[in-house]
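Subject: Structure handover

Hello,

Here is the structure for you to look at. My notes on what turned up follow below it.

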Amino acid sequence: MTSRHRSSESVNSLSPRRRTVVKAAAATAVLGAPLAAALPARAAADTPAFLHGVASGDPLPDGVLLWTRVTPTAEATPGSGLGPDTEVTWVLAKDKAFTAIVAKGSVTATAASDHTVKADVRGLEPATDYWFRFSAGGTDSPVARTRTAPAADAAVSGLRFGVVSCANWEAGYFAAYRHLAARGDLDAWLHLGDYIYEYKTGEYAARGTVVRPHAPANEIITLSDYRIRHAKYKTDPDLQALHVKAPVIAIWDDHEFADNAWSGGAVNHTEGAEGTWTARKAAAKQAYFEWMPVRPAVEGTTYRRLRFGKLADLSLLDLRSFRSQQASTGSGSVDDPDRTITGRAQLDWLKAGLKASDTTWRLVGNSVMIAPFVIGSLSADLLKPLAKLLGLPQEGLAVNTDQWDGYTDDRRELLAHLRANAIRNTVFLTGDIHMAWANDVAVDAGTYPLSASAATEFVVTSVTSDNLDDIVKVPEGTVSAVAAPVIRAANRHVHWVDTDRHGYGVLDITAERAQMDYYVLSDRTNASATSSWARSYRTRSGTQKVERTYDPV
């Protein structure tokens, strides 16, 4: 079955050269077994409903990608493979009241794409706020704001992005999304991976306790499973609130597939008993592109590049599709030049893009930490839980081989490229590790600070996923007070690490500096959790060094 779309139409007030391009969501899939997802409300038998919110993403100077999922009938639950073809119209305007409509169109939602739809709208003005909504069968979706990127050659005074990663449904509530949505000042928000988690219920929760059960209850393996899990996450009110306030720019990490995923498998995948990795990975990718407002890039991956005027470009990486198996599983040395985290084509693409960039800042959306890291002389009671958090052998290797530390040849080549070509102002934006970090990216951590820093890195903590104090099950702040000084002593390029708290970041960029403000939540298990500013770090243009600053933007 193939999704169909009718041509969209521009409103008469648009100039003839303006146009709107609409693409329906991809719909080439073998349907999984029909299963019902838990929904916030049942659609009436004959009344379409928008139960999973609306979203936008991947802003361009002249366009943006719009997304929704329609539930056309009560039985057409996510992953079920049921439900009729349904026409979904959309409209985009310059005002929230839709008195200044600039584009509209329609797409057909089908069971083949799980009744998700996308509209890739073009012909818009750069650096402009727009509002949009979808409609089906007389029902309107919520109204959402989106924003286009600045023109490629525009002089941009500033940019502001929310930055998040690692949002585990069963470990708590997504208050971080609610607080970002309340700001009202974001050009976009970056999700650096682990938007969903694949585990069966109870396997990975909040200090072992399920705060709220996800769906399905089983570990997700089939296309239907992945669809149902994405759908469950999309019912979260705080996630919906953030999606209606600003466009998202997302990459995947491992849990969109399975824990510690690599090109040929994952720690949390048993070949045979859980089918083939090839089929599971294909199902995970299909569901991701159906349920996320993300444009598929090279070879159906998430590596791609966006530009924000002359101020910044953003290279987004896919560090799961092409990587070699992690060394900690017995597949070779971390220094083996034949092992890769990026794959040859992606690394060449990244190097070429960084060298050719003419923007003030080169941002890299990076799912796992690139700064070198050694554990140092942590006490045994902290070393073991840290190893567990990092996915290390709990005796032996003192390195996280799932990060760039496990693929040192790729990192060496990339940092040497930055140095050899005098490429300045490269800032890695990272998630995954469930801790907050502010790092210089040292060329040689062993001799730092005598050796150079080639770039800087801001790592955001988890939205809800367990961090170090949760694993040890001690009061928040207890572990960080002991571990942070030891980690910094052994890693002199690390300016700050907070091992214990949950939250998010706000990245603010001007020509003079890139600054990350770190915010923490009062209690991830409380749906009404408050947010407070914790710390701020910045890198000033031309320095390739991180420094503390004492006020958020």
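**A pair within one helix**

Arg-412 and Asp-409 are three residues apart in helix α7 (residues 408–420), so about one helical turn separates them. Helices here are DSSP runs of H or I with at least four residues, strands are E runs of at least two, and both are numbered from the N terminus. The two side chains form a salt bridge, 3.6 Å from N to O. That term means a side-chain nitrogen of Lys or Arg within 4 Å of a carboxyl oxygen of Asp or Glu. Arg-412 is partly exposed at 45% relative accessibility. Asp-409 is partly exposed too, with a relative accessible area of 23%. The cut-offs are under 20% relative accessible area for buried, over 50% for exposed, and partly exposed in between (1.4 Å probe, protein chains only).

**What the model is**

This is a predicted model: local features need pLDDT of at least 70 and side-chain atom pairs pLDDT 80 or more, while totals for chains, interfaces and linings use all residues. Residues are numbered from 1 along each chain as its sequence is written, and side-chain values use heavy atoms, with hydrogens and water left out.

**The chain overall**

The protein chain has nine helices and 23 strands. It runs to 553 residues, and 61% of them count as buried. Take the contacts (heavy atoms within 4.5 Å) between residues at least 6 apart in sequence: 72% join residues at least 24 apart. The accessible surface is about 19,000 Å², with 53% of it belonging to carbon and sulfur atoms. Areas come from the Shrake-Rupley method with a 1.4 Å probe; for residues, only the protein chains shown count as cover.

Side chains of opposite charge can pair when their charged atoms come close. The structure holds 34 salt bridges. One of them joins Glu-125 and Lys-94, at 2.8 Å from N to O. Glu-125 is in the loop between β6 (116–121) and β7 (129–136), and Lys-94 is in the loop between β4 (86–93) and β5 (101–109), so the pair ties together parts 31 residues apart in sequence. Both are partly exposed: Glu-125 at 31% relative accessibility, Lys-94 at 35%.

Arg-280 and Glu-274 also form a salt bridge, with their closest N and O atoms 3.4 Å apart. Both of these residues are buried. A network of salt bridges links Arg-160, Arg-183, Asp-185, Asp-508 and Arg-513.

**Aromatic rings**

There are 21 aromatic pairs. Tyr-197 and Tyr-199 have ring centres 6.5 Å apart and planes at 20°, so the pair is stacked. Rings of Phe, Tyr and Trp (its six-membered ring) pair if their centres lie within 6.5 Å; planes under 30 degrees apart are stacked, over 60 edge-to-face, the rest tilted. Tyr-197 and Tyr-199 are both buried.

Tyr-504 and Tyr-519 are stacked as well, 5.2 Å centre to centre with 5° between the planes. This pair links distant parts of the chain: Tyr-504 is in strand β20 (residues 503–509) and Tyr-519 in strand β21 (residues 513–521), 15 residues apart. Both tyrosines are buried.

Ring pairs also join Trp-169, Phe-174, Tyr-177, Trp-189 and Tyr-233 into a cluster. Arg-212 lies over the face of Trp-169, 3.7 Å from the ring centre. For a charge over a ring, NZ of Lys or CZ of Arg must be within 6 Å of the ring centre and within 35 degrees of the ring normal.

Best wishes
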